[in-house]
Amino acid sequence: MEPVVVDTRQRPLRDLRLSVTDRCNFRCRYCMPAEIFNRDYVFLRRELLLNFEELTTLARAFERLGVSKIRLTGGEPLLRKGIEDLVALLVEATACEVTLTTNASLLVRKASALASAGLTRITVSLDSLDDAVFQAMNDVGFPVGAVLDGIDAAASVGLPVKVNAVVKRGVNDRGVVDMARHFRGSGHILRFIEYMDVGATNGWCMDDVVPASELVNAIDAVFPIRPVKPNYRGEVATRWRYLDGQGEIGFITSVTQPFCSTCTRARISAEGMLYTCLFAWTGTDLRKVLRSGGTEEEIVDLVRGIWEARRDRYSEIRSEATVGLPKVEMSYIGG
Ligand code: SAM
Ligand code: SF4
Ligand code: SF4
């Protein structure tokens, strides 16, 4: 499809990530460390969140600018009341694929309603199959078994499932081959994500990152894998297939092999701030435009101008100096 709008690096706008809440029932150490996201932390008040009508207007406006995929995220999107109704509204209002990323804690309860609402597929985050490791990572003692039940529930209602695992050195890196073993042949594609310096609270340092090349070697030594061509330009995961026909596995190499040159994603926080990069620290208040009577047409014009001026390529220029910048938190902007 001919791009409707391109930025200063000729990148079209194709994907929209909508955060529907900044709250979460997990406290993953790499995302919402409990000592910061504690009782004193001020989350967004309900009236500040974009309502479903506003989210639908934005989705329509972004579709007119070329978006064909919408991902609902957060915080934990399944905590947002009526999330299945939002999915149904977006499916009806646009021709976009509507997907969702979740920690799966509420998925057994929600899978059927999400599938009926027309969700295209679902991504479940699961960092380890070892209960002690996983519970320490989510920091609320949530068990692996309940996430696996959520995955089964989604699969049983026909939702294609991908599984995302963030790898942190010395924390869960020893479990990657076990994860590959568990998910190969299951029909669920497992993707390992390099731990990123999103936000300013997780204490990221390069030593904590396990380069995907190291993971490829570890898995290849046990289950031989070969690279596969990307499905489309801008696909974030590099794809590999098991030589014995047991399916695919992916690696998201945001730190060691950045993919900014093909980045087609816009992100909107739960309160309606538009960001053109995951590592941004300034955005544009779309809620203000909507709540002062702004039309879909006006949103289209505003976003077109923002996208045309976009220059972001944070991961390509990451350095000691950029790591300490006051970037917005992952739980706020959505992953
Ligand atoms: N709560 C949902 C979940 O965990 O799937 C959705 C939001 S979460 C912010 C989206 C994704 O971002 C998750 O897969 C999570 O593992 C990933 N993530 C969070 N912090 C990260 C970090 N510092 N580096 C890499 N990935 C991260
Ligand atoms: Fe919550 Fe997802 Fe962040 Fe974990 S990664 S704290 S589940 S928002
Ligand atoms: Fe896109 Fe920013 Fe990530 Fe680069 S660093 S891939 S521009 S979100």
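Which atom of ligand 1 does a backbone N or O atom of Gly 75 lie close to, and at what distance in Å?

Author: This is a predicted model, in which local features need pLDDT of at least 70 and side-chain atom pairs count only at pLDDT 80 or more, while totals for chains, interfaces and linings use all residues. Residues are numbered from 1 along each chain as its sequence is written, chains are lettered from A and ligands numbered from 1 in the order in which they are written, and side-chain values use heavy atoms, with hydrogens and water left out.

The atom is a nitrogen of ligand 1, and the distance from the backbone N or O atom of Gly 75 is 3.0 Å. That is a polar contact (a pair of N or O atoms within 3.5 Å). An N or O atom in the side chain of Glu 76 lies 3.2 Å from a nitrogen atom of ligand 1. On the oxygen side, a polar side-chain atom of Ser 125 is 2.5 Å from an oxygen atom of ligand 1. On its own, ligand 1 has 550 Å² of accessible area (Shrake-Rupley method, 1.4 Å probe), and the protein covers 94% of that area.

The shell around ligand 1 holds 18 residues, of which Tyr 30, Gly 75, Thr 101, Ser 125 and Met 196 come nearest; a residue belongs here if one of its heavy atoms lies within 4 Å. By class, seven are nonpolar, nine polar and two charged; Gly is counted as polar. At least two shell residues each come from strand S3 (97-102) and strand S6 (189-194), where strands are DSSP runs (E, at least two residues) numbered from the N terminus.

How values were computed: Polar contact = N/O pair within 3.5 Å; in protein donor to acceptor, adjacent residues only side chain to side chain. Helix = DSSP H or I, 4+ residues; strand = E, 2+ residues; numbered from the N terminus.
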